[in-house]
Amino acid sequence: MSKLLNLGDAIRRFVPDGALIFIGGFGHCVPFAAGHELIRQGRKGLTLCRTGTDILFDQLIGAGCVAKVIFGYLGNPGVGISHSFRRAVDAGSLGIEEWTNFTLLLRLHAGRLGVPFLPSRALLAGDIPKASADARKITCPFTGESLSAIPALLPEVALIHAQRADEDGNVQMWGIDGDTREGALASRLVIATVEEIVPREVIRAAPEKTIVPAHRAAAVCHVPGGAHPSYVQDYYTRDDEHFVLYDRVSRNANELSAYLDRHVRNVADREAYLNSLDPGVLERIG
């Protein structure tokens, strides 16, 4: 059965208000198109999770879609802090659950394995377990030493972007994947946007590149350029100038709203988004 769906239909069908969503991408293959569709459809009360976040988290927070974030790092990578996040925390309108990148990855890995927790020597000391992370101390039954029990995290939906997939839903990614594979396979449903839809034979010729097998994908959406302004290896580079631009406009809530109107709310789809960018951008990053 074909898993091909229009992105708008996929979000409408599989992502309700209040959902716990894993958002993939580690600087590479960030699913901006899928996140922007959440904004266009007016999703509310979402909980977002991942280890090291990107400005997509900030955009979703600034658009009023998010009630809580579960994270290891949250900011504008290589540029600065997350301004919408900072405003929301100061206003008391956003719940936060902070872990380290490694322990949040352990939470997702536990979810992928189907076990309730994983033992670790992390978070036995420091400020994070006191302030946010709920890691319980346990005693190892074999050695008697004290360890942390890092609880599993089971997102309801994973949004990821990748290079290609077939219509059956086999999704392939190569290059830096961060926690994308772990987060996707820990989640109940996976929605993948991809640069290309390819024949089954192409997928079978390189099985080592498959990060989500067909039976785990709820929907595959053909969305070229779906990761801009992040990059997709072998397709386009990171738009560093856009991250700097975003840092400037997101410092002010009104300027951010105008940015979201121009690039998200008032565009119909990803093609219209790409057309909303300044002239020459696509040639520069292509």
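Two strands pair if DSSP finds at least two bridges between them. Helices (H or I, at least four residues) and strands (E, at least two) are themselves DSSP runs, numbered from the N terminus. The model shown here is predicted, so local features need pLDDT of at least 70 and side-chain atom pairs count only at pLDDT 80 or more, while totals for chains, interfaces and linings use all residues. Residues are numbered from 1 along each chain as its sequence is written, and side-chain values use heavy atoms, with hydrogens and water left out.

**View 1. Strand β10 pairs with β8 and with β12.**
Thr193 stands opposite Cys221 in β12. Strand β12 covers residues 219-222, and four bridges join it to β10 in a parallel run. Strand β8 (residues 157-165) also pairs with β10 in the parallel sense, this time over eight bridges. Look for Ala165, whose bridge partner in β10 is Ile197. Strand β10 spans residues 189-197 and is mostly covered, with seven of its nine residues buried. Buried means under 20% relative accessible area, exposed means over 50%, and partly exposed lies in between (1.4 Å probe, protein chains only).

**View 2. Strand β1 is covered on both faces.**
In a regular strand the side chains alternate between the two faces of the sheet. Strand β1 (residues 20-23) has Leu20 and Phe22 on one side and Ile21 and Ile23 on the other, all of them buried. Its pairing with strand β2 (residues 46-52) is parallel and runs over three bridges.

**View 3. Strands β5, β7 and β6 make an open sheet.**
The three strands are arranged in the order β5-β7-β6, and their pairing is antiparallel. At the edges are β5 (117-120) and β6 (136-139), each pairing on one side only. On average, neighbouring strands of this sheet are turned by 40° against each other, direction ignored. Four bridges link β5 and strand β7 (residues 146-151) in the antiparallel sense, and Phe117 stands opposite Pro151 in β7. Helix α5 (residues 101-113) lies across β5 and β7, running at about 140° to β5. For such angles, axes are lines fitted to C-alpha atoms, for helices over the stretch in contact, and angles run from 0 to 180 degrees between N-to-C directions.

The axes of helix α1 (residues 7-14) and helix α2 (residues 32-40) come within 10 Å and cross at roughly 60°. The two helices are therefore oblique to each other. Here, angles under 35 degrees count as roughly parallel, over 145 as roughly antiparallel, 65 to 115 as roughly perpendicular and the rest as oblique. Contact means heavy atoms within 4.5 Å. Leu7, Gly8 and Ile11 of α1 make the contact with Ala33, Ala34, Glu37 and Leu38 of α2.

Now turn to helix α3 (residues 55-62), which packs with α2 at an angle of about 5°, the axes being 10 Å apart. So α2 and α3 are roughly parallel to each other. From α2 come Phe32, Gly35, His36, Leu38 and Ile39, and from α3 come Ile55, Leu56, Gln59 and Leu60. By class, these residues divide into six nonpolar, three polar and no charged. Ala, Val, Leu, Ile, Met, Phe, Trp, Tyr, Cys and Pro count as nonpolar, Asp, Glu, Lys and Arg as charged, and the others, Gly among them, as polar.

Helix α9 (residues 240-249) and helix α10 (residues 253-265) have axes that come within 8 Å and cross at roughly 135°. His242, Tyr246, Arg248 and Val249 in α9 meet Glu255, Leu256 and Tyr259 in α10. This contact has four nonpolar, one polar and two charged residues. Arg251 sits in the loop between α9 and α10. Is Arg251 buried or exposed? At 54% relative accessibility, Arg251 counts as exposed. Leaving aside residues up to four places away in sequence, Arg251 touches His83 and Arg87.

Most residues other than glycine have a negative phi, and most peptide bonds are trans. Cys29, in the loop between β1 and α2, has a positive phi near 60° and is buried at a relative accessible area of 1%. Leu123 has a positive phi of about 60° too. Its place is the loop between β5 and α6 (128-131), and Leu123 is buried, with a relative accessible area of 11%. Finally, a cis peptide bond joins His228 and Pro229, with omega at about 15°. Pro229 belongs to the loop between β12 and α9.
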